[in-house]
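Please keep the sequence and the model in view while working through the points.

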Amino acid sequence: MRDDVNLNPSHQGTGSLEVHRTSDFDAEQEESNLAGKVGQAVMIVSGAALVAFAARRRSWSTLGAALAGAPLLYRGATGHWPTPQAVTQRVGASAPKPVEASVTIGKPAEELYTFWRNLENLPQFMKNLESVVNLGNGRSHWVAKSPLGFKVEWDAEIVEEREGHFLSWRSLPGAQVHNAGTVLFEPALGGRGTVVRVTLEFKPAGLGSAIGKILRPTTEQEVREDLRRFKNLMEAGEIPTTDGQPAGQRHLLSLRSPF
Amino acid sequence: MRAVCWNGKNDIRVETVPDPEILNPRDAIVRVTSAAICGSDLHLYDGYIPTMQKGDILGHEFMGEVVEVGPAVKNLSVGDRVVVPFNIACGQCFFCQRELWSLCDNSNPNTWIAEKMMGHSPAGLYGYSHMTGGYAGGQAEYVRVPFADVNPLKVPDGMPDEQVLFLGDIFPTGYMAAENCDIRQGDTVAVWGCGPVAQFAIQSAWMLGAERVIAIDSVPERLLLAQTWGRAEVIDSDQVDSVLDTLNEMTGGMGPDCCIDAVGMEAHGHSVDALYDKAKQTLRMETDRPHALREAIMACRKGGTVSIPGVYGGFIDKVPMGAAFNKGLTLKMGQTHVHRYMRPLLERIQNGDVDPTRVITHRLPLDEAPQAYRTFRDKEDNCIKVVLRPDGNGHHLHRHHDGNGGVQGAV
């Protein structure tokens with residue numbers, strides 16, 4: 001068992017988690033009969049339906065549906081009810097690995113670094129960020145969007161910076177979502193600009209954000225899309241879009257790009 | 001405004017939709033005066049291009065008048081007449097800087113779909129599925145043109161639409177196909193297909209110094225046009241036992257030096273491999289029918305070049321890779337880097353070297369698009385190329401035969 005998010009030292013003792021997971025495994029064995037599987041499927045479907053309904057309406061009146069649906073979904077997906085203890089231990093045990101992605105941008109490292117170092121620019125290409133406000137002294141306040149319409153906010157600090165080359169940051173203690181990131185700017189071969197390499201780590205704290213993690217993990221694809229938008233913005237000066245263009249009659253369930 | 005919308009396989013409708021708006025600083029809005037239906041639009045019509053959605057506005061061959069420009073567009077003014085390349089390029093990325101415009105890194109908002117299917121994403125295209133951006137196309141009264149500061153070509157005063165319309169796609173596409181052949185003195189160029197792109201490939205092969213051009217098709221009026229306008233020798237594939245044997249005989253056993261597949265993924269044919277492809281494609285076990293490509297590879301002279309302007313979208317079976325390898329062939333292909341060719345080919349038109357209007361057989365109002373797609377796809381009414389006129393000035397114009405029996409559109 002590897003705890004990949006090393007932001008919080010208290011989660012680094014993995015011994016007790018090993019024991020807990022062994023007993024989880026036994027419990028899962030017991031449930032692996034057909035009825036159990038069907039039951040789990042029903043829970044996933046009904047839980048997801050309730051949450052999706054709530055997500056679509058995004059009103060206080062449907063908050064109940066979300067609150068009812070999420071544990072169902074969790075139980076369906078994992079075979080456990082999300083008791084606070086189970087949640088914290090599970091989240092710790094299965095914390096997502098740091099997400100890594102890279103892109104080559106045809107601009108000098110200094111120019112890209114300068115744009116990124118002004119953290120208030122990040123929401124221009126990081127789709128899940130609503131705003132970043134510079135608080136001075138290397139500190140900043142971040143507001144992110146969650147799929148249920150709730151805002152997630154935290155304060156962060158710059159951990160290390162090497163001008164024109166490297167930047168790392170992390171959330172300050174007390175954040176709803178512990179997170180950290182690094183970005184490295186290195187010259188591309190053959191004078192092709194700069195290779196930008198990003199790592200992001202997220203670890204939700206507590207029950208509410210555990211649900212957030214299940215519903216909305218930060219994926220490598222999301223980071224790649226953010227980096228693509230960064231490249232678009234730096235090279236072409238704008239991010240290509242078709243949002244707001246005309247179309248004929250769409251299907252009711254017309255698919256939209258998740259990115 | 002009125003716009004031609006894809007509603008599913010064999011279902012094209014002209015619908016009333018909102019007018020386009022400037023969405024990005026480098027956008028322009030163009031009032032479309034002429035829009036053509038491309039052979040590659042038929043792949044959409046026939047339902048073979050994935051990631052189309054009901055309601056998508058079609059059309060990637062269009063031109064018109066600028067009616068609005070975004071704040072970052074400094075080189076265009078309201079009132080300018082422009083012809084617009086079918087692929088959208090930013091002008092600043094690695095690929096645009098190397099004139100590989102159709103591979104632009106910054107114009108497709110849906111790169112993730114293309115990356116899943118192809119490893120990397122090509123440029124955004126108008127009206128050609130969401131894999132290439134899902135941009136609303138130009139078979140409409142108005143169209144939004146992204147990166148308008150680098151994409152459109154201003155049309156010189158006095159040149160009618162039909163003289164320049166095809167600079168946005170099929171003339172450059174035919175030209176690049178011939179250029180990819182690296183034609184040398186004494187070379188014979190064989191062209192599979194006699195559709196509009198093939199006709200321009202034939203014209204371009206002569207321009208680039210071909211000694212001999214042979215065209216292969218089974219549609220009489222298209223073969224006739226290749227003969228009369230294109231001065232090509234023709235093979236009617238329905239009238240010969242074997243295209244391969246015929247080509248070998250015509251070239252003294254050598255095979256053509258350059259073979260152009262201007263047919264692409266929906267090749268027709270009655271051979272065993274063509275029936276096999278049709279069955280597999282119908283069952284969705286194969287996305288494309290590469291009959292012309294197989295024949296081109298088999299026919300090509302050792303050490304020769306197979307150039308592929310015909311569109312392929314997915315996967316193909318039974319490609320004679322062993323033949324391509326052991327004969328040391330060069331295969332060249334890709335979406336056209338239209339921007340590279342627009343100006344030089346405009347000069348060719350101005351010089352009178354080429355009269356692009358020769359391929360036009362039908363001029364129709366936009367509202368007749370559904371019928372036009374059907375006529376074009378089924379090659380009815382001797383249809384070779386359709387131009388739609390959103391201003392309603394098109395009229396059903398039957399082809400005019402010239403003295404040689406060639407098909408000529410009236411200008």
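1. Buried area is the accessible area, taken with a 1.4 Å probe, that two parts lose on being put together, summed over both. Chain B and chain A bury about 2,600 Å² between them, and 49% of this area is on carbon and sulfur atoms. Within chain B, the residues that lose the most area to chain A are Lys54(B), Asn106(B) and Trp112(B), together 24% of what that side buries.

2. The model is predicted: local features need pLDDT of at least 70, side-chain atom pairs count only at pLDDT 80 or more, and totals for chains, interfaces and linings use all residues. Residues are numbered from 1 along each chain as its sequence is written, chains are lettered from A and ligands numbered from 1 in the order in which they are written, and side-chain values use heavy atoms, with hydrogens and water left out.

3. How many residues does each chain bring to the contact? Chain B supplies 39 residues and chain A supplies 28 residues, where contact means heavy atoms within 4.5 Å.

4. Helices are DSSP runs (H or I, at least four residues), numbered from the N terminus.

5. By class, the contact of α7(A) with α3(B) has one nonpolar, two polar and five charged residues. Ala, Val, Leu, Ile, Met, Phe, Trp, Tyr, Cys and Pro count as nonpolar, Asp, Glu, Lys and Arg as charged, and the others, Gly among them, as polar.

6. Which side chain of chain A pairs with Glu115(B) in a salt bridge? The partner is Arg224(A), at 3.1 Å from N to O; a salt bridge is a side-chain nitrogen of Lys or Arg within 4 Å of a carboxyl oxygen of Asp or Glu. Glu115(B) lies in α3 of chain B and Arg224(A) in α7 of chain A, so the pair joins two chains.

7. Three salt bridges are found across the interface of chain B and chain A. Asp56(B) also forms a salt bridge with Arg250(A), with the closest N and O atoms 2.5 Å apart.
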